[in-house]
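Morning, everyone. Let's look at the salt bridges in today's model. Please bring up the structure.

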Amino acid sequence: MTNAPQQNVGFSMERVYLKDASYEAPNVPHMFLEQKAPEINIHLEVSHQKLEGDGGYYEVVLAITANAKTDDKTVFLVEVQQAGLFVLQGIADDEMLKVLEIACSTILLPFAREVINDFVGKGGFPQLLINPVNFEALYQQKHAKVDKTVKH
């Protein structure tokens, strides 16, 4: 039996906040008369940074862009940066990225979905409910590209 000190593993969400948001509907009210359903594209990005100090504080930002177009005209464009302040301690270096990009993003998604849906609804359009996101699959795709680039 060894008396090696055991490092406590900790994960907590300290705060969730809206870092940035914008809404545009440049072709309203003409788009309300359009009979054709718009094509909606959703783009997600996750970024994170360790904050200075010894507290294990990390900011994670989930950026979502929702763009609705009919033909070549923008119906609406919503950009949201939903952020969270997390405390992560005792997590192995090889697991830290997974926690930041998968677990933290999963926590932030419902908040971002609500903001986007609120903007779109207040803009006079039907609800825009973003489907659940498999952040683990996105993480694997993102890091598979990095690994392939490094190997060449």
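First, a term: a residue is buried under 20% relative accessible area, exposed over 50%, and partly exposed in between, using a 1.4 Å probe and protein chains only. Now the ground rules. This is a predicted model, where local features need pLDDT of at least 70, side-chain atom pairs count only at pLDDT 80 or more, and totals for chains, interfaces and linings use all residues. Residues are numbered from 1 along each chain as its sequence is written, and side-chain values use heavy atoms, leaving out hydrogens and water.

A salt bridge here is a side-chain nitrogen of Lys or Arg within 4 Å of a carboxyl oxygen of Asp or Glu. The whole structure has 5 of them.

Start in helix 1. Helices (H or I, at least four residues) and strands (E, at least two) are DSSP runs, numbered from the N terminus. Lys-122 pairs with Asp-118 at 3.4 Å, N to O. The two are 4 residues apart in helix 1, so about one helical turn separates them. Lys-122 is exposed, at 68%. Asp-118 is partly exposed, at 40%.

Next, Glu-101 and Lys-142. Their closest N and O atoms are 3.2 Å apart. Glu-101 sits in helix 1 (93–122) and Lys-142 in helix 2 (135–151), so the bridge ties together parts 41 residues apart in sequence. Which is Glu-101, buried or exposed? Buried, at 6%. Lys-142 is partly exposed, at 39%.

Last, Lys-36 and Asp-71, with closest N and O atoms 2.7 Å apart. Lys-36 is in the loop between strands 1 and 2, Asp-71 in the loop between strands 3 and 4, 35 residues apart. Asp-71 is exposed, at 58%; Lys-36 is partly exposed, at 48%.
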